[in-house]
Amino acid sequence: MTKQPQRKRVNDVKGCSLYNRPSSSGRDCHAPQVIPDRQQATALKISESLIIATWNVRTMLQKGKLDNIKREMDRLKINIMSISEVRWKGAGVINSDSHKLIYSGRNDHERGVGFILDRQTSLSLKGYWAVLDRVILIKLEGKPLDLDIIQIYAPTSTSTEEDIDAFYLDLEKAKKQCKSQDPVIIMGDFNAKVGEQRMDDVVGPHGLGQKNERGERLVEWAQRNDVIVGNTWFEQPPRSRRKWTWKSPGDGSRNQIDFILISKRFRNALLISNSTQC
């Protein structure tokens, strides 16, 4: 990733120091690649437990939403929270209290993805690449290897095949920025169902429901890219809130559409926590 220097702006009304950005309510420009701070990144010990979660927050335009997410992170002791449907314009980085938010959006308040890092983890941030409003990559300096994490927000079931093709092309672009020897995690709202049947060493036996066409596409992509659907390998009680990640209005149905994909050879080295918005 090409690194570009940052210019620190004055604080916004929430007391967040801004890097190459106006305030959080009016992001209108795009800075796809930057380094987060001027000091050298502090290396994470990859062998230690790192709690990572993904959450479709629906929107972060609501007053107090960022503070609510930070409280949930602190309560659940989450180090890295990846988020979908940020709905902020442009791309950038802000500091908010002891957390760092990295985001990628479009020119209107639709879609958008991002990450929120706790203080200790944010010290390891080497850089990020805001591909588009559906894909963002961060790189964390680690020992013995760096850690690459990609957050996605896939097109919904009403989207066209062209939209799906474009999404996977953008995902491929992000993954190609990751070194082959480094562990890679891909997480977020895939708007797909992979089902509850085990498939080779890609999909585990602890999924939910029936696989659909979008799920087939996801599984095929995972097979080609040597990753597993991580949260289908961890058993949860049948009625557990951790089993499903989405429910329809009125609670008529519950599905598992948010996933964490992990490099196959690193599956036993990572502690996974999945947290999602219904």
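This is a predicted model: local features need pLDDT of at least 70, side-chain atom pairs count only at pLDDT 80 or more; totals for chains, interfaces and linings use all residues.
Local features rest on pLDDT of at least 70 and side-chain atom pairs on pLDDT 80 or more, while totals for chains, interfaces and linings use all residues. Residues are numbered from 1 along each chain as its sequence is written, and side-chain values use heavy atoms, with hydrogens and water left out.

Helices (H or I, at least four residues) and strands (E, at least two) are DSSP runs numbered from the N terminus. H3 has 16 residues and spans 23 Å from its first C-alpha to its last, close to the 22 Å expected, where the expectation is 1.5 Å times one less than the number of residues. Its buried residues are Ile164, Phe167, Tyr168, Asp170, Leu171, Ala174 and Lys175; buried means under 20% relative accessible area, exposed over 50% and partly exposed in between, with a 1.4 Å probe and protein chains only.

The interior comes next. In soluble globular proteins, nonpolar side chains tend to be buried together. A nonpolar core is a set of buried Ala, Val, Leu, Ile, Met, Phe, Trp, Tyr and Cys residues joined through side-chain atoms within 4.5 Å. The largest one has 28 residues, of which Ile150, Ile152, Leu171, Ile186, Phe190, Leu218 and Leu261 touch the most other members. H3 gives the largest share of this core, 5 residues. Beyond its neighbours within four places in sequence, Ile186 is in contact (heavy atoms within 4.5 Å) with residues including Ile150, Leu171, Trp221 and Phe259. A second, separate core of 25 residues includes Ile102, Ala130, Leu147 and Met187.

Aromatic rings join several of these parts. Rings of Phe, Tyr and Trp (its six-membered ring) pair if their centres lie within 6.5 Å, and planes under 30 degrees apart count as stacked, over 60 as edge-to-face and the rest as tilted. The whole structure holds 4 aromatic pairs. In one of them, the rings of Tyr168 and Trp221 have centres 6.2 Å apart and planes at 40 degrees, so the pair is tilted. Tyr168 lies in H3 and Trp221 in helix H4, so the pair ties together parts 53 residues apart in sequence.

A salt bridge is a side-chain nitrogen of Lys or Arg within 4 Å of a carboxyl oxygen of Asp or Glu, and a search of the whole structure finds 15. Asp165 and Arg217 form one, with their closest N and O atoms 2.9 Å apart. This pair links Asp165 in H3 to Arg217 in H4, 52 residues apart. Asp165 is partly exposed at 35% relative accessibility, and Arg217 is partly exposed at 23%. Elsewhere, Glu110 and Arg87 meet at 3.1 Å, N to O; Glu110 is partly exposed at 37%, whereas Arg87 counts as buried at 18%.
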